[in-house]
Amino acid sequence: MTDAATNMRLKLPITCFILQIILIILFGAVVKYDHETDAKAWHNMTESGHSNYDNDFYYRYPSFQDVHVMIFIGFGFLMTFLQRYGFSSVGFNFVIAALALQWATLMQGFLHGLHGGKIEIGVESMINADFCTGSVLISFGAVLGKTSPVQLLIMAMFEVTLFAVNEFILLSALGAKDAGGSMTIHTFGAYFGLMVTRILYRPNLDKSKHRNSSVYHSDLFAMIGTLYLWMFWPSFNSAITAHGDDQHRTALNTYYSLAACTLSTYAMSSLTAHDGKLDMVHIQNAALAGGVAAGTAGEMMLTPFGSMIVGFLAGIISVLGFKYLSPILEEKLKIQDTCGVHNLHGMPGVLGAIVGAVTAALATRDVYGDGLNDVFPDVAKGDIEASFQGVRQAISLAVTLGIALLGGLIVGFILKLPIFGAPPDTLCFEDSVYWEVPGDEAGHEDQLTTVRTEESEKLNS
Amino acid sequence: MTDAATNMRLKLPITCFILQIILIILFGAVVKYDHETDAKAWHNMTESGHSNYDNDFYYRYPSFQDVHVMIFIGFGFLMTFLQRYGFSSVGFNFVIAALALQWATLMQGFLHGLHGGKIEIGVESMINADFCTGSVLISFGAVLGKTSPVQLLIMAMFEVTLFAVNEFILLSALGAKDAGGSMTIHTFGAYFGLMVTRILYRPNLDKSKHRNSSVYHSDLFAMIGTLYLWMFWPSFNSAITAHGDDQHRTALNTYYSLAACTLSTYAMSSLTAHDGKLDMVHIQNAALAGGVAAGTAGEMMLTPFGSMIVGFLAGIISVLGFKYLSPILEEKLKIQDTCGVHNLHGMPGVLGAIVGAVTAALATRDVYGDGLNDVFPDVAKGDIEASFQGVRQAISLAVTLGIALLGGLIVGFILKLPIFGAPPDTLCFEDSVYWEVPGDEAGHEDQLTTVRTEESEKLNS
Amino acid sequence: MTDAATNMRLKLPITCFILQIILIILFGAVVKYDHETDAKAWHNMTESGHSNYDNDFYYRYPSFQDVHVMIFIGFGFLMTFLQRYGFSSVGFNFVIAALALQWATLMQGFLHGLHGGKIEIGVESMINADFCTGSVLISFGAVLGKTSPVQLLIMAMFEVTLFAVNEFILLSALGAKDAGGSMTIHTFGAYFGLMVTRILYRPNLDKSKHRNSSVYHSDLFAMIGTLYLWMFWPSFNSAITAHGDDQHRTALNTYYSLAACTLSTYAMSSLTAHDGKLDMVHIQNAALAGGVAAGTAGEMMLTPFGSMIVGFLAGIISVLGFKYLSPILEEKLKIQDTCGVHNLHGMPGVLGAIVGAVTAALATRDVYGDGLNDVFPDVAKGDIEASFQGVRQAISLAVTLGIALLGGLIVGFILKLPIFGAPPDTLCFEDSVYWEVPGDEAGHEDQLTTVRTEESEKLNS
């Protein structure tokens, strides 16, 4: 027998089926191919002078696939570091992301412009849907191990909606630039998730403390996630920037930011350990902060020099956060941040937003030439001064923090309703609550199965 | 000493060397660069107005690399779920694929058009060779754990040949469309493999039953395979469709089909478990069925709505197959389908073929515009009605099933010859028959090595 | 308490910080965007007729990302085969590479042409920086398990510098061709590393012998590295060849070379085992030799036939090296080559250089047409005969061997200085010297933690 409270047999299928059927109906009602995926529309364009290599597919699909790997392998495996939570990390990541990208297509489509009442989709909307999904997965990192899959799916639906609203305010209403999402993706996802985990605070979480740590091979699995995030971050930040120099420059800036961040992460990890030993938590997470921090300014003329300084600082801040700030947040503010998303996405996201504001404020036609139209169109048209673009960026950060925290507050309380099958305090960070789990290892199987069986009998009685 | 029957010391090297030397000789005799890989031919073209970005390399190479990852990492790691068969899963996958792609280049080249007696190759032929290889690996999944590497190499040679014949009949003789291979790759590979495993039926396979299951980390390794297949399936289905809107649309359709399939897979996995717990077998496999089922119609104007319905159904069918049909197939029909390829490739492949036939039959110039030339050239030329294209597609499914089952029957009997070193019933799903296997884990090494040594002494005596 | 000698608390942070700050200052002083990443310069070009799809980003970025995966996942995971050295393999690989790619940008920039005193960077320089990094990681394979991170960072700085000098001599002074780096990357990295490990010879290394081997799952992790290297090698060899047929042909040649190499590797691995069992060491390494050996001639009109012969021979040589030559090198020449880089990069690199020299010497305008300008510009211009190009290639091999061996000698002695915190002979191939290491497995944790604690107490007392 299984614990009735966490039994997903009805809750999960009903949630999945209802949401998926609603999505299918809405897609049927309002979604259509854009002019580059539609056979008729594209062939009308090629007849009027376009060539097939003008199709946005060839500019963006390789970047899309890199982003896609970051979402499913990167985030999924990064979270496998927990010793008994690998199935859930990869598996819940998978299902949340599959839901979120569909809902994001609709929400972003509604807000970013309907065409005759229809949402038109193509490779750029796929990238944007993946981006929005990334934000949800960041929040997942904050609550990792303490939520049921139904809670996560509900959270995803609300968060995607709020993400789209915030993104609309920033990019369309305020005219901010944030191609790599320091604000829209990282800051939003982190502070939303932190607020949710604050509301879901568990005073007795130490009953599961022995499982809230890694084992040797789980840390290696996590490094797969880390490295894919690290390697493909240049594609992430450049995926939706303008064609030509913009995509090229963004990738390059991110590449050097990450390299510098890696060096400062290793330095700080060793420096802050009493015996100088490197800590896998820092390597797996802080080395990525350089990508987060280059998210807003990456497309700007930040220069490689500027990118490296940003990455260097991001690595330092992030390790310090893991070492000194996270324990304080947990103890004083009751924020149980499983993956330390505040250190990887929160603070580096804010840093990235500030760097973006400053870089924008310093933009001149002398430096950007006609490229100013791509990066700061309002400044190029003479509608606003560059300094005001900087102000827009700063306001955007404030708006993002506000919506994330307020949204997280509300959604946190919704998730607290005792109907979603959250695990008990004694069974957090434990796959076997929601998964059929086999033994650990050939040869030890029998022994372990016995242990597991006893355990699960105990918890079911 | 080792068991003489499964000793590969002469069998495997002889097989590999003979096959490879034949391949090299044949490549020397009949294979040449196509006009886009040949230095002279390409520069003649660029002088007459082509630009380097017209080279097909830039349209297809990123997709090729995604497909390549699916073949070697995707299929390879998907099959590592067995507790003691990881080396063989990844390692045999590797060598079979390396052989099959070479032989496929020749077989597909012979059948799809010689140029002055020569086979011309480039990125498109590389993709097609990888596709054909995928079919062989599907069949490998059916017989996983019960065959020697020599049997697998022999099977690969025959299957590639039959694949090329079937593909020629479908695409050239019957004029069917099947860019993502629902029929040519998935249906063919699955039913061929199922027939082979039927012929190789082992009544006493339960002697190895304790190894025919996963352990915790082997399931995580398998998820690497699953996710790479899932993420790159849009590239798989679009890799050889026409340039422009066709590649773009196919990728998009597949993306949404897979997302919907993932949700229905999770729902069904939980719903069919008595305690609502998710089963890794379903997640690893059924979530991919949406890619299989979008293989034929993906390039058509299926619409995102249609794609999602297809994916949604594929996930449901696939989980039901794993849960209820596979045990029946094994018990009643004596089909021991190790990876459940019938559920991932067989039924979803047939579903994809049917969806393709219906979608083709409904094609109109009103919807496709001039794009009709790309997708259904015979309909566009007015040679046939769209409804007849649907009939062609349906006939193609029947032909594929026929050739696959008949071919599997014959090849199964060939593989039954007692000269290829198949493992005994007691040593199926066991790496140490064909591999030097180290201990399981640092710290337990000595203990395990002892166990292993005793075991292998027993089996060698 | 920890052993003071290997305590990295000051050494590693100081090294990382100083090097990174120097890099940032130098980047600020001399590095700028090239005309394809700079907003102003690119928009000036597009106004004078260039289109965005002419930007080199679209020709090379997908290849760059494949190379990037080879460097961080490929090399990193290939070296995780050791049972207790996974953190260091992936983690040191990560930090060395992050440093090396920055330093390589500067060194290669200085030597390959300054523009008005500035180094201009873009996607091609990023690929070249990754290539140079690859060479350092090959050398890392030779000394794996026996060096501290500080030693490795110092080695990287020197090796990158010497790599750039050698590359400059070969490509600029001697006019050799080596797009895939058989000489510049593989031969150089291997012989440099072999000389370093010779100088660092440890007579008492067998005190750590029990850890210098794999366990079951570490071999599976290593296969991730192997397969990514194998799959993406066509991108590696073609990443910086000329646009159009050259990139296309190089990828194709490498694909077939690797396929043939895989077959001969499996054959030889089985043939050289007394019981015919395959050895993971061979599969993980020798199957890649075909990529190394096609590094120089891959861009030439080698033909698929020629490529397959080269790959076939490379696999044979490599397995024979692992089986028979490595033990001799260790015993007689005192070269402790942990990963066997001599067999994967050394000998196949030399083979590739020879194949390149012969193929170059046989080049004719009849075969290459106007493509001769891309591959052998000096021959095309009539400045030299093709046979002399072959001589250039042969001289380049000799120069590479000389600089690598001499450089390795000097750097080896520098690394021998007893200030860098090298591990004692008893603690080689052991993560816990430089890393916080968790237990091995959930359920065994307590037991293992105890063992580990006892061990580390012993070693610290």
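# Exercises on a predicted three-chain model

By the rule used here, there are 36 salt bridges over all chains. A salt bridge is a side-chain nitrogen of Lys or Arg within 4 Å of a carboxyl oxygen of Asp or Glu. Side chains of opposite charge can pair when their charged atoms come close.

The model is predicted: local features need pLDDT of at least 70, side-chain atom pairs count only at pLDDT 80 or more, and totals for chains, interfaces and linings use all residues. Residues are numbered from 1 along each chain as its sequence is written, chains are lettered from A and ligands numbered from 1 in the order in which they are written, and side-chain values use heavy atoms, with hydrogens and water left out.

## Exercise 1: A pair in chain A

Task: Find how far apart the N and O atoms are in the salt bridge of A:Lys381 and A:Asp378, and say whether each residue is buried or exposed.

Solution: 
- Step 1. The side chains of A:Lys381 and A:Asp378 meet at 3.6 Å, N to O.
- Step 2. Recall the classes: buried is under 20% relative accessible area, exposed is over 50%, and partly exposed is in between (1.4 Å probe, protein chains only).
- Step 3. A:Lys381 has a relative accessible area of 56%, so this residue is exposed.
- Step 4. A:Asp378 has 19%, so this residue is buried.

## Exercise 2: A pair between chains

Task: Describe the salt bridge of B:Lys40 and C:Asp366, and place each partner in a helix.

Solution: 
- Step 1. The N to O distance of B:Lys40 and C:Asp366 is 3.7 Å.
- Step 2. B:Lys40 lies in helix α2 (residues 39-47) of chain B and C:Asp366 in helix α14 (residues 365-368) of chain C, so the pair joins two chains.
- Step 3. Helices (H or I, at least four residues) and strands (E, at least two) are DSSP runs, numbered from the N terminus.
- Step 4. B:Lys40 is partly exposed, at 31% relative accessibility.
- Step 5. C:Asp366 is exposed, at 59%.

## Exercise 3: A pair inside one helix

Task: Find how many residues separate B:Asp245 and B:Arg249, and which helix holds them.

Solution: 
- Step 1. The closest N and O atoms of the B:Asp245 and B:Arg249 salt bridge are 2.9 Å apart.
- Step 2. Both residues lie in helix α9 (residues 245-271) of chain B.
- Step 3. B:Asp245 and B:Arg249 are four residues apart, about one turn of the helix.
- Step 4. Both B:Asp245 and B:Arg249 are buried.

## Exercise 4: The interface of chains C and B

Task: Describe the area buried between chain C and chain B, and what supplies it.

Solution: 
- Step 1. 80 residues of chain C are in contact with 79 residues of chain B.
- Step 2. Buried area is the accessible area (1.4 Å probe) that two parts lose on being put together, summed over both.
- Step 3. Between chain C and chain B it is about 7100 Å², and carbon and sulfur atoms give 69% of this area.
- Step 4. C:Tyr216, C:His248 and C:Tyr255 supply 12% of the area that chain C buries against chain B, more than any other three residues.
- Step 5. The count between chain C and chain B is one salt bridge.

## Exercise 5: The turn that relates the chains

Solution: 
- Step 1. The copies use different surfaces: 14% of the contact residues of chain C recur in chain B.

Technical notes. Contact = heavy atoms within 4.5 Å.
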